[in-house]
Amino acid sequence: MPAFSFVQPSTTDEALAALRQGEPGETVIVAGGTDALFELESRRIPPQRVISLRHLPWRTLSWAGESLRIGSTLPLRTLESDPDLRRRIPGLWQAVRAVGSVALRHRATLGGNLGRSSPASDLVPILLALDGEVDIVGIQGERSLPVDQFVRASRTTALGPGELIRSIAIPEARPSAFLWQRVRPANDISQVGVAVAYSPTRKEWRIAVGGVVPRPVLLPQAERLLSGPSPDAAELRAAAQEASMRVPFSTDRRASEAYRRQLVAILLQRAVRAAGSRPSPSGAP
Amino acid sequence: MTFTVRPDADAKLRGQVAFATDRGVPGMLWGALVPAPVARGRIRSLDLGPARAIDGVIAIGPADLARLLPGVTGAVERPVFPTDRIQYHSQPLAAVAAPTRQLARRAARAVRVDVEPLPPLEEIEGFDPVHPGPDRPDVIAHVLARHGDLDAAFGSADFVLSETYRTAGVCQVALEPHACIAEIQGDVWHVTTSTQTPFGAREDLASMLGLPEERIVVEGTWVGGGFGGKGAPLVEPYALLLARASGRPVRLALSYREEFQLGRTSLPSVVRIESAVKGGRIAGRRVHWRLDAGASLPGRDFTTGYAIGFILGPYRIPAIEMEGYAFRTNKPPLGPHRAPMAPQCVFAEESHMDHLAARLGVDPVAFRRAHVWKEGDRTHLGQKVGPFGLDRCLERAGALAATWSQDAAPHTGVAVGVGFWSTATGAGGEVRLVLSPTELKIIEGEREIGSGSVIRGIVAVAETVLGISRDRVRVDYHDTRSAPFDSGVFGSRTLAALGQAVQKAALALRDELGKRLSVPAGSVQLAEENGELVAVSGRRRAKIRSLLTATELALGGLTGEGRHYGVSGEIDTARVVEGTFYPYTDFTGAAHVAMVQVDPETGAVRVMRYAAFQDAGKVVDLPTAQGSIEGGVAMGLGTALTEETTWAEDGRMSNAGLLDYRIPTLGEIPPIEVHFEEGFLGAGPFGAKGLGEPPIIPVPATVGNAIFAASGVAMTELPMTPERVARALKLL
């Protein structure tokens, strides 16, 4: 790997100061580094600088009533080990555990995954289904964007030069599920990932699908076909059919378009059933 | 905590073992290869100038070979660099060396290659192999054998089942890539390398470089996994030539991407198998096999003429015909991957057996047992079958499968598959044992490649013969200059061949000790007393120190030599029409049982339970033998379900990396039960049979049969990925 300078700020101000220096194209920002490492190795034109966010005080996790805020550099392994996550937001717990291996999750972060914005991300679909909000800090100030507006295309986000993801907010705990299909179950890139969540306050479903180029998508048309927290089989079939037709799947080396359409129809029904059958977050039947 | 099952385990787990990639010498240069930019084409020009213009860079190409290798005259079978035609993508066209790895890579990129690209030849079916026609791959091997009245068998059959199977190329995926350090020491070309066959590498290098063998020294390092991929030299010739050209030691290690692109892996094949059935028995079988051999076929038609026999199966069939073609395509040369092509051939054959049984409505295990070879039967080529425990393995596997079937959940299937193999002997092996007052040294020329056969297996042989405790036995590796000859760690032969040499040498030592103690040789065992070795026979005890002469003490101890040259059986050459076929040394059977669950809506397959019944002859060291079976099954699950090399239209390997070439992880590997069947003795010490390759062979077939049992769909293509199963289930 070619030589580069390595900057490791420990406060937000230091991090922003580091971002002010040098040209954006010459800088690579690293959280856990599990994905960036590939790029650093294979880049023909090496970066001049790598800014690591690991020493920032952003490895946080806090519940406030029904909402959850996750620091962008919190290791995924810490997130999945939170005693309440599995019970209150099961879909997020499942999605986090779908990422890589245990060893990888000790380094990988939610912010990094979002910042890299892969079409095959296992985390973006569930963040979409949970109406996640991205909290951004930058040289020009702070702002917040829904995940749906933050993620634009493969490796492309709304994050500007001089901006960093500080945390991700989940507005409310929801019955939810994330299901995926892979060639190699335990550790692979998902061919299709389906995230579903039911909002008890808005009384509506959110359905998001990954494994779609250029980015994971929400499926409002399919969502509207599901009436209550426990939709019947006919509604499920209709939503599955809608999703299968609607998602702009394509064929690549991981799966054919036809197989992805089959998968999304099956996984969507299973995910909604799984989410619907779970006790509600408050524990009430 | 220390790990005692394997003497090398502790150091390996702590990262204290130096593999070839960990080695370096002061003043060395780093080598890099210049890859062909296309899979097929003509080289118009190769300009090393821009690389040579970089300070400190040495670059060599085909034009330099005459100067560097005065011993090579005329055309060589395997030129180091192509001069005219590019045969596969990334084929090394030139090599560079520089003081740093980055600089070497930069220099390799700086070389200007001008080629006239041609469309790569990749297809091995859809044309007549006898007259392939223009723009079709050449036939580089053709084998044909037949026996019995095939026309009568097919003409009078109750029914004929004809099936076609397609298998993908799989890679060895050793943890450690190919790596070496070359150095010219006066007249001697010295290479320190990760190799399964130091003496074989020396022989190959001598022929490639036009040097006498005595001028080449191959020093093996610990091998970070071989699986067949580290036999024939790969990086060594380039490193040696760069060392020669630069006058400096040169280290050349492949990146993991290059490991996939240049490694000698297995390649796709197509199997057509037809069986004529009459009265519930197989009356005739005809197989036609096409093998993609890539740019060349090492060992000529060995792979073709050996593996094809497995498509007929270890079964009594009165009339047979087998015909195989190997084609030269624009892929890297075919290499040996653990039991070369046998898991693929057996996948076709054993799946076919279950499909035949289903058609007949009979139990597939009983159907096999009605046909399976027993000792004294004749093989398809007329060789007499030796002690063979497959029927017994089948019986036990069938009983277990019946038990598992009782608690099979919905969409779950249990099935059996078998495989057989034979322990290779190679060109023989020799060892020297030296018994000192405190230890027994095994002087030999093979490095441990991971299976345990060297570091543990041959040690266990010495333990068994002499009664010595394992911590008093030391494997003392020597390079090709001073080690006794051995033909290599391959073909499941190490314990069988080198182990027999150890057995003979240990027996010679025991005889000598018996003489010196004036007791019957067979009664002598070694024990320990106050840190010294003692020879014990009944009540007689004597320190080894007291039994050695002054000269022996000065030379380090009492020496015993052992040699083993295996013998193979004979085939009936009247049955061979064309090509070369090979006899078996011994007969090693295995019957496996798999329980799988098939998702009827997605095609996903989960292997829930697995068991292997292995005909082992005699188990010499139980943990090592179990490890080999578990590892073979795990590797076979990859071939069965997830592993395949994929090739882009331009002939480039499109999944050259561990992200998209998927070996199984522990998450996919179910609990594996291992059972041994002993007593049907094989070619190794005490009747042991080689266990390196046999455990991988039945796996794809067994898993495929379990999918068949679970879902009713016959899988005919490897690997059986969820999407392929979904297509077979007609979900798409």
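Tutor: Let us begin with B:Ser90, which sits in the loop between strand S4 (85–86) and strand S5 (92–98) of chain B, where helices (H or I, at least four residues) and strands (E, at least two) are DSSP runs numbered from the N terminus. The model is a predicted one, in which local features need pLDDT of at least 70 and side-chain atom pairs count only at pLDDT 80 or more, while totals for chains, interfaces and linings use all residues. Residues are numbered from 1 along each chain as its sequence is written, chains are lettered from A and ligands numbered from 1 in the order in which they are written, and side-chain values use heavy atoms, with hydrogens and water left out.

Student: Why is B:Ser90 called buried?
Tutor: Buried means under 20% relative accessible area, exposed means over 50%, and partly exposed lies in between (1.4 Å probe, protein chains only); B:Ser90 has 7% relative accessibility, and therefore counts as buried. Its phi is near 70°, a positive value in a residue other than glycine.

Student: What makes A:Ser117 count as buried?
Tutor: Its relative accessibility is 2%, so A:Ser117 counts as buried. A:Ser117 is in the loop between helix H7 (110–116) and helix H8 (124–129) of chain A, and its phi, near 50°, is a positive value in a residue other than glycine.

Student: Which residues is B:Leu48 in contact with, leaving aside its neighbours within four places in sequence?
Tutor: With contact meaning heavy atoms within 4.5 Å, they are B:Ala59, B:Ile60, B:Gly61, B:Asp64, B:Ala94 and B:Val111. B:Leu48 and B:Ala59 are eleven residues apart in sequence and 6.5 Å apart in space, C-alpha to C-alpha. B:Leu48 lies in the loop between strand S2 (41–47) and helix H2 (49–52) of chain B and, at 7% relative accessibility, counts as buried.

Student: What makes a set of residues a nonpolar core?
Tutor: The set must consist of buried Ala, Val, Leu, Ile, Met, Phe, Trp, Tyr and Cys residues joined through side-chain atoms within 4.5 Å. The largest such core has 108 residues, of which B:Val593, B:Val596, B:Val703, B:Ile707 and B:Met720 touch the most other members. Helix H11 (residues 342–360) of chain B gives the most to this core, with eight residues. Apart from it lies another core, of 39 residues, including B:Val454 and B:Leu498.

Student: How are helix H14 and helix H15 of chain B packed?
Tutor: H14 (residues 453–466) and H15 (residues 494–517) pack at an angle of about 35°, with their axes 9 Å apart, the axes being lines fitted to C-alpha atoms over the stretch in contact, with angles running from 0 to 180 degrees between N-to-C directions.

Student: Where does chain A have pLDDT under 50?
Tutor: pLDDT, the predictor's confidence in each residue from 0 to 100, stays under 50 over residues 279–285 of chain A, for which the model has six contacts beyond four places in sequence. Where pLDDT is low, the predicted coordinates should not be read in detail. Chain A as a whole averages a pLDDT of 93, and 95% of the residues score at least 70.
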